[in-house]
Amino acid sequence: MTVHTLLPDLPAYAELEAHAARLKSTPIEQLFEQDDNRTKVFSLNAAGLSLDFSKQLLDTKARISLLDLAEQAGVRQSIENLFSGTPINNTEERPALHTLLRASQAGKQTEKFREVLAARTRMRALAEGLNNGEHKGYSGHIITDVVNIGIGGSDLGPRLVTDALRPFHGDVRCHYVANVDPADLRDTLKCLNAETTLFIICSKSFRTEETLANSLVARAWVLNAGATTEDLDRHFLAVTSNLEAAEKFGIPPDNCLPMWDWVGGRYSLWSSIGLSIACTIGYEHFESLLQGAHHTDLHFKERPLDQNIPVLLAMIGVWYNNFFEAESEAILPYDQYMHRFSAYFQQGNMESNGKSTDRSGTKINYQTGPIIWGEPGTNGQHAFYQLIHQGTKLIPCDFLAPAKSHNPLSDHHSKLMSNFFAQTEALMNGKTEKEVSDEMAGKSLTEISDLLNYKVFEGNRPTNSLLFKELTPHMLGRLIALYEHKIFVQGVIWNVYSFDQWGVELGKQLAKKILPELHDEDLVSSHDNSTNGLINTYKIFR
């Protein structure tokens, strides 16, 4: 893989610094005035999506330099390495082959791909058995509810997809339990019947602390309801690499689906981890989800960088992160079904590129991954848009919306879309002193003067607009893969390994040391003063 030691050493970096200095004081409106063709030049229609990035603090020269930066960082070669299975996750000495999980049957018949096809066949049988009413619980009643027990990538991806594709749900209801906080599991079980509930335990090691703790309680719940240990295979499936631990729990190998070390957790919804998705929306729709992601993969792999949506989104993000000191990005879907989209890519982005050591093991002296956040519109407009419009921080925003709603209720969707269009216009144009004064015509000069600065909007806040026809399984697959590849490209630019997550380990390790100390009432003194004080206060309150 082509690597570089420091991002600022790339030739295009100095060019981009000069472009940024010039464009920071340039109104986006002025860029439109200088180029009548700007909307067309700064838009791209591909992979079933329409991307308009004309409302960016970008001109043609800066755009060319950004793409030059991508070339110099080795993005082309890195894309080839990703798809070829070259070990690019070098800190763990493994490839990152999540794209293989959604490849078509026309793909290469490698051993890994044959394993993927075999897993798909088993997923289909399980999902269809549930949806056809063939899977029955210990009392002979059909299974009506599935509970996915997992955390991180074993929860966030499937949860996002099942929520986003609610219009495609069948008769099997799906629930998710992730948190070790007992409220998560208890509140889920309250509305369920053990006789008609199936649990899917998702843990590669079958030792993930939160997942195992919740699974043991679920197991006891089923047994206490009247099932025997011999009945557990009717109520428990596992997605794991540890067949021995699963069998000891009561789940035979025939009820286990595989997890592979060449698929990271946050990229695993396309794998057997997606079983809860297939059970909820039906296997044919799950296949459509895979096909949509595969089409984005082909676009990412085959299109030149200047016509490549994930690359363009990635480089726009680098532009603000590294040259405008923007610390966060907002993802704002104008679709209620996508309400988990931003949360999903908090993990996808921040766990991937929240790194401060480059690929050579050297401490990085520039900004890497941004803070990702957001909520669906129009809810967000009544919550945090004030900060985006008039705050002191520059927050680039991605607006996403379908042209068609699954719920044609009155003119609700038109109202939603009018806000979608209005917000990007308002963020770009703002409101001038003259416009404010004109709006306040009839008021005294004193009244106008007192309120003027509060009502002025600077504008020049950058946005991307992503439009698509309708939120289907196929389109959702395209969108998720699009952001996955954006994150990958940015990791290449920042020269970090995007497929490891060592930062999540330390807290887990310390928690294992602390847990035994919580089993009695003795005061502790083995930590720093603050932690000792917190633990001892907890014991007193308890």
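The model is predicted, so local features need pLDDT of at least 70 and side-chain atom pairs count only at pLDDT 80 or more, while totals for chains, interfaces and linings use all residues. Residues are numbered from 1 along each chain as its sequence is written, and side-chain values use heavy atoms, with hydrogens and water left out.

Let's start with the open space. The largest pocket has a volume of about 1,100 Å³. On a 1 Å grid over the protein atoms alone, a pocket is an open set of points with protein on both sides within 12 Å along at least five of seven lines, whereas a cavity is a set of points where a 1.4 Å probe fits but cannot get out; lining residues have an atom within 4 Å of a point. Grid points are joined across faces, edges and corners, and a volume is the space filled by probe spheres set on the points.

In the largest pocket, 38 residues make up the lining, and Thr208, Gln501, Val504, Glu505 and Lys508 lie nearest the centre. Helix H10 (209-224), helix H15 (341-353) and helix H21 (505-514) are the elements that give two or more residues to this lining. Helices (H or I, at least four residues) and strands (E, at least two) are DSSP runs, numbered from the N terminus. H21 gives the most to the pocket lining, with 5 residues. By class, the lining has 13 nonpolar, 13 polar and 12 charged residues; here Ala, Val, Leu, Ile, Met, Phe, Trp, Tyr, Cys and Pro count as nonpolar, Asp, Glu, Lys and Arg as charged, and the others, Gly among them, as polar.

Threonine 208 sits in the loop between E5 and H10, and its relative accessibility of 24% makes it partly exposed. For the cut-offs, buried means under 20% relative accessible area, exposed over 50%, and partly exposed in between (1.4 Å probe, protein chains only). Leaving aside residues up to four places away in sequence, threonine 208 touches Ile151 and Ser203, where contact means heavy atoms within 4.5 Å. The loop between E5 and H10 also holds phenylalanine 206, which is buried at a relative accessible area of 5%. Phi of phenylalanine 206 is near 55 degrees, a positive value in a residue other than glycine. Most residues other than glycine have a negative phi, and most peptide bonds are trans.

Carry on into H10 itself. H10 has 16 residues and reaches 23 Å from its first C-alpha to its last, close to the 22 Å expected at 1.5 Å a residue; the expected span is 1.5 Å times one less than the number of residues. Thr211, Asn214, Ser215, Ala218 and Val222 are buried in H10. They cover an arc of only 105 degrees around the axis, which puts them on the same side of H10; the arc is that of the directions from the helix axis to the C-beta atoms. Among the packing partners of the buried residues of H10 are strand E3 (145-149), strand E4 (173-177) and helix H9 (182-190). Just after H10, glycine 226 takes a positive phi of about 130 degrees.

The 21 residues of helix H7 (residues 111-131) should span 30 Å at 1.5 Å a residue, and the end C-alpha atoms are 30 Å apart, which agrees. The buried residues of H7 include Phe113, Val116, Leu117 and Arg120. Their cover includes E3, E5, helix H12 (275-281) and helix H13 (283-302). Just after H7, glycine 133 has a positive phi of about 75 degrees.

The structure holds 6 cavities of 30 Å³ or more, and about 80 Å³ lies in the largest cavity. That cavity is lined by 13 residues, with Ile316, Glu329, Pro396, Asp398 and Asn464 nearest its centre. Helix H14 (309-323), strand E10 (397-402) and strand E11 (463-468) each give two or more residues to the lining, and H14 has the largest share, 4 residues. The cavity lining divides into 6 nonpolar, 4 polar and 3 charged residues.

Asparagine 460 is buried, with a relative accessible area of 18%. Elsewhere, a cis peptide bond joins glycine 377 and threonine 378, with omega about 10 degrees. Threonine 378 lies in the loop between strand E9 (371-373) and helix H16 (385-390).
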